[in-house]
Amino acid sequence: MPSHEELSDLLDPANTVLITVECQQGVVGPAAALPQLARAARESGVLDNIARLVTAARASGVQVVHAVAERRPDGRGANRNARLFRAAERLPVQQLTGTDATRLAPEIEVAEQDLVVRRLHGLSPVQGTDVDALLRNLGCRTLVVTGVSANVAIPNTVFDAVNRGYTAVVPSDAIAGVPADYTPAMIRHTLALVATVATTAEVLACLRRTPGAGPGLRPG
């Protein structure tokens, strides 16, 4: 774990962005497509931790980005080149554009200043989307990664961020996957090699700075 000073340096509000990955009702809500993943996110407290991080990020001037996965009703542009995608087509809950399934979970309020990026394809909210360009325009150096799942989208997000030159910070209790014991194993053996791993409490302690600083402004 990094020291408080090291983590605070990484989480300078002037160049930090927090991203929530697939924290939408059709993924982590009560009527989710994958109930086991939704239960893991809720019962572990991950969703509540993400909500706390989002609130603290806004208060400290850190930009919040919400990454949403969705598909058109006709499926145009969606991947079909992996078993995961083909299985998703058969799920009873579809992440269709404009439906409740693609709205953020109630625990995570979307504020006016937040950015919402939607994708119709792939495994990552960074690759082939507007996220990288937005991060660069925001002056981002550190990306705080939260959400689901530790199985696929979270490691993809971290790898893509690191490959593009960003420093990734992963609050270990603000990501979820299945089965429950897979997430700590993924963090320990994979994400910890390429990202700075901390807890929600540690990140919150660093974000509690002068409130009200806008993006790109350094608190005095």
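Strand 4, which spans residues 142–148, is largely enclosed by the rest of the structure, because 7 of its 7 residues are buried. This is a predicted model, and the mean pLDDT of the chain is 93, with 95% of its residues reaching 70 or more. Over residues 210–220, however, the pLDDT is below 50, although this stretch still has 18 contacts in the model beyond near neighbours in sequence. Where pLDDT is low, the predicted coordinates should not be read in detail.

**The two faces of strand 4**

- In a regular strand the side chains alternate between the two faces of the sheet.
- In strand 4 both faces are covered, with Thr142, Val144, Thr146 and Val148 buried on one side, and Leu143, Val145 and Gly147 buried on the other.

**Strands paired with strand 4**

- Strand 1, made up of residues 16–21, runs parallel to strand 4 and is joined to it by 6 bridges; within this pairing, Thr20 stands opposite Thr146 of strand 4.
- Strand 5, which covers residues 167–171, also pairs with strand 4 in the parallel sense, here over 3 bridges, and Ala168 of strand 5 is the residue that stands opposite Leu143.

- Asn15 lies in the loop between helix 1 (4–10) and strand 1, and it counts as buried because its relative accessibility is 9%, which falls under the 20% cut-off.
- Leaving aside neighbours within four places in sequence, Asn15 is in contact with Leu10, Gly139, Cys140, Arg141 and Thr142; of these, Thr142 is also one of the buried residues of strand 4.

- Val178 is placed in the loop between strand 6 and helix 8 (182–194), and with a relative accessibility of 22% it counts as partly exposed.
- When residues up to four places away in sequence are not counted, Val178 touches Gln36, Leu37, Ala40 and Asn151.
- Asn151 and Val178 are 27 residues apart along the chain, while their C-alpha atoms are separated by 7.0 Å.

Conventions. Residues numbered from 1 in each chain as written. Predicted model: local features only at pLDDT ≥ 70, side-chain atom pairs only at ≥ 80, totals over all residues. Heavy atoms only, no water. pLDDT = per-residue confidence, 0-100. Contact = heavy atoms within 4.5 Å. Buried < 20%, exposed > 50% of the residue type's maximum accessible area, 1.4 Å probe, protein only. Helix = DSSP H or I, 4+ residues; strand = E, 2+ residues; numbered from the N terminus. Pairing = 2+ DSSP bridges.
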